[in-house]
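User: I would like to go through this model with you, please. Could we look at it together?
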Amino acid sequence: MMAPTTDSAGNTEDAAAARASLETLRTEIAKAVVGQDPAVTGLVVALLCRGHVLLEGVPGVAKTLLVRALASALELDTKRVQFTPDLMPSDVTGSLVYDTRTAEFSFQPGPVFTNLLLADEINRTPPKTQSSLLEAMEERQVTVDGTPRPLPEPFLVAATQNPVEYEGTYPLPEAQLDRFLLKLTIPLPSREDEIAVLTRHASGFDPRDLHAAGVRPVAGPADLEAARAAVAETTVSAEITAYVVDICRATRQSPSLTLGVSPRGATALLAAARAWAWLTGRDYVTPDDVKALALPALRHRVQLRPEAEMEGVTADSVINSVLAQVPVPR
């Protein structure tokens, strides 16, 4: 076997350093957020795939704090938008403002011009404003008055939403749900974790001051770039590709669903599994990687039949059933 060239050796070292930096994120974020390791991992996977994340959970489970802690640990610029019923699209993307001194219109960027946009309670705003994010999420640009304006790199939308059963919520349209790489559910903490949360607050922890909590930057944009390059080199066999396709096609035949996973969903599952494989220290994807990311990558891309929903069937249970039925490659 030929020895690696200087460039390839350097790239390997950069990738290893990037993986080590990203692995320390859990420890750093744990200084502010207790017991949400799966959500942290999902957010890192999304950053590696240049995807976006939908965080769902009841109010008060630290969804906003989690995103802020991630941005602080990655040394990324972040902005927060509280989505309300009266929010306008221009409040997100920006608008043209008339300057009386120059007698000209100038563009004032909105909060979407950042690295990590926290779209808080995105399902409390009407569909018109929700759709203002579609171009930003897919094209990574904003067009105002016919002029496209590129967004910074990296760019990730971390949107939080309350469960749809809550009052004052507008269900996200399928076209927008499909733009999210992952949908992560944020559960209520265990008794032990909740005791740890209260103990921290009793000791003076202030969630508004992450610096005082000890959260420090442990990685940055350069690490993300090196990691993304390494993920792109992760091997995907023909058998794994076929396995992903078979899973997604099986959802389209499920009697419990009116809408199965689209081809975009299949590419999202494969990309997420690839990033997860690299994060765990391998340069190839296994069926277990696909299974590990199937729920967060697919649960928001399927639509239940009303009668199945009334019987207590959930998107997660349908996907788990599909995973149990589709033959696993050897």
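User: Is Gln176 buried or exposed?
Analyst: Gln176 is buried, as its relative accessible area is 0%. Buried means under 20% relative accessible area, exposed over 50% and partly exposed in between, with a 1.4 Å probe and protein chains only.

User: What sort of model is this?
Analyst: The model is predicted, so local features need pLDDT of at least 70 and side-chain atom pairs pLDDT 80 or more, while totals for chains, interfaces and linings use all residues. Residues are numbered from 1 along each chain as its sequence is written, and side-chain values use heavy atoms, without hydrogens and water.

User: Which helix holds Gln176?
Analyst: Gln176 belongs to helix H8, residues 174-177. A helix is a DSSP run (H or I) of at least four residues, numbered from the N terminus.

User: And what does Gln176 touch, beyond its neighbours within four places in sequence?
Analyst: Gln176 is in contact (heavy atoms within 4.5 Å) with Ile122, Gln130, Ser131, Leu133, Leu134 and Met137.

User: New topic: how many aromatic pairs are there?
Analyst: There are two aromatic pairs, counting rings of Phe, Tyr and Trp (its six-membered ring) with centres within 6.5 Å; planes under 30 degrees apart are stacked, over 60 edge-to-face and the rest tilted.

User: Why is the pair of Phe107 and Phe113 edge-to-face?
Analyst: Their ring centres are 5.8 Å apart and their planes lie at 70°, so the pair is edge-to-face. Both Phe107 and Phe113 are buried.

User: Which residue lies over the face of Phe107?
Analyst: Arg149 does, at 4.1 Å from the ring centre. The rule asks for NZ of Lys or CZ of Arg within 6 Å of the ring centre and within 35 degrees of the ring normal. Arg282 likewise lies over the face of Tyr284, at 5.6 Å from the ring centre.

Conventions
Helix = DSSP H or I, 4+ residues; strand = E, 2+ residues; numbered from the N terminus.
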